[in-house]
Amino acid sequence: MNPFKRLPGYGPKTAAGLERQIWRRLPAVFFWGTLLPLLFVGLRRWLAEPGNADPHSLLMGEYIAYGLVAMHWTLLLTLAVGCLIVMVMKGPGYVADAYPPADRDTPFLDLTPLPEEDQAEKDKIKA
């Protein structure tokens, strides 16, 4: 049994859009968005004079940079999940398992047809 049996005629009809462009840029944005704040911290530590540097100020700058990196990662993770959802939703349709409703005693095919006047009203609505 194939768990991913595609529906016939329901292939990917929607072209790839903005989600694919964002998905391709995520690794570079992740790399640079992580590197720049950490580079700022390293540069600040390197340029600080050993005797005159305020340790509280340096530590506060590190905490701010680490917070920016954590926020950046969180935003990118959210964006990646959104891209994945859009890509899956634009993909092909799949056949679902046919489970009959638990509260029905008879299958849908055994239902009695509608009376003729009800059927006539439905035909008027369709037209």
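**From one residue to the whole chain**

In this predicted model, T34 is found in helix α1, which covers residues 18–47. Is T34 buried or exposed? Its relative accessibility is 13%, and because residues under 20% are classed as buried, T34 counts as buried.

The surroundings of T34 can be described through its neighbours: leaving aside residues up to four places away in sequence, T34 touches V69, H72 and W73. With W73, one of these, the side chain of T34 also forms a polar contact, in which the two side chains are joined at 2.7 Å.

Of the 127 residues, 13% count as buried, and the protein exposes about 11000 Å², of which carbon and sulfur atoms supply 67%. Where contacts link residues at least 6 apart in sequence, 82% of them join residues at least 24 apart.

How confident is the predictor, and in which element is the mean pLDDT lowest? The average pLDDT of the protein is 80, and 71% of the residues score at least 70. Among the elements, helix α1, where T34 is found, has the highest mean pLDDT, 93, whereas helix α3, made up of residues 116–126, has the lowest, 63.

Key
Residues numbered from 1 in each chain as written. Heavy atoms only, no water. Helix = DSSP H or I, 4+ residues; strand = E, 2+ residues; numbered from the N terminus. Buried < 20%, exposed > 50% of the residue type's maximum accessible area, 1.4 Å probe, protein only. Polar contact = N/O pair within 3.5 Å; in protein donor to acceptor, adjacent residues only side chain to side chain. Contact = heavy atoms within 4.5 Å. Areas by Shrake-Rupley, 256 points an atom, 1.4 Å probe, with all protein chains shown as cover. pLDDT = per-residue confidence, 0-100.
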